[in-house]
Amino acid sequence: MTWRSLYFNDDLFFGRPVEPELFFTGNGMSRFFLSHHTLDIDPPTLRDLPATAAAKNNRALIERDFGVTVRHKYRHGVHPQLREVLVELEK
């Protein structure tokens, strides 16, 4: 059985009952939620807000490792996590 969890920022809470299917697919993969806000293609600069600079750094890592360009920020919300992924990140 795969260990799963939900990551919440300290300013989030559920206002209604939710089901695991909202966060995990039928085969156990975690879902992700993109914002409608786009991320410009420039590298991080000192003029960027910290969250934007972090998103640009994340995009560079995803491009390097997976060849995919992220064009949107992630939503400020609950993020599902899988233990296997967290262990790999820790390595």
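How many salt bridges does the structure hold? The model, which is a predicted one, holds three.

Let me begin with Lys56. Lys56 forms a salt bridge with Asp40, and the closest N and O atoms are 2.9 Å apart. Since Lys56 belongs to helix 1 and Asp40 to the loop between strand 2 and helix 1, the pair ties together parts that are 16 residues apart in sequence. Lys56 also forms a salt bridge with Asp48, again with the closest N and O atoms 2.9 Å apart.

Arg64 and Asp65 form a salt bridge as well, with 2.8 Å between the closest N and O atoms. Through shared partners, salt bridges join Asp40, Asp48 and Lys56 into one network.

Are these residues buried or exposed? Lys56 has a relative accessible area of 3%, so it is buried, the cut-off being under 20%. Asp48, at 17%, counts as buried too. Asp40, in contrast, is partly exposed at 36%. As for the other pair, Arg64 is exposed at 61% relative accessibility, while Asp65 is partly exposed at 46%.

I turn now to the surroundings of Asp48. This residue is found in the loop between strand 2, residues 34-38, and helix 1. Beyond its neighbours within four places in sequence, Asp48 is in contact with Pro43, Ala53 and Lys56. A polar atom of the Asp48 side chain lies 2.9 Å from the backbone nitrogen of Thr45. The C-alpha atoms of Asp48 and Leu61, which are 13 residues apart along the chain, are separated by 18 Å.

Finally, helix 1 itself. Helix 1 comprises 17 residues, 50-66, and at 1.5 Å a residue it should span 24 Å; the end C-alpha atoms are 24 Å apart, which agrees. Its buried residues are Thr52, Ala53, Ala55, Lys56 and Arg59. Why do these count as lying on the same side of helix 1? They cover an arc of only 160 degrees around the axis, which places them on one side. As a general point, an α-helix has 3.6 residues a turn, so residues three or four places apart point the same way.

The buried residues of helix 1 pack against strand 3, residues 72-74. On the face turned away from that buried side are the exposed residues Pro50, Ala51, Arg64 and Phe66. After helix 1 comes Gly67, with a positive phi near 70 degrees.

Methods
Residues numbered from 1 in each chain as written. Predicted model: local features only at pLDDT ≥ 70, side-chain atom pairs only at ≥ 80, totals over all residues. Heavy atoms only, no water. Helix = DSSP H or I, 4+ residues; strand = E, 2+ residues; numbered from the N terminus. Expected span 1.5 Å × (residues − 1). Buried < 20%, exposed > 50% of the residue type's maximum accessible area, 1.4 Å probe, protein only. Arc of directions from axis to C-beta. Contact = heavy atoms within 4.5 Å. Polar contact = N/O pair within 3.5 Å; in protein donor to acceptor, adjacent residues only side chain to side chain. Salt bridge = Lys/Arg side-chain N within 4 Å of Asp/Glu carboxyl O.
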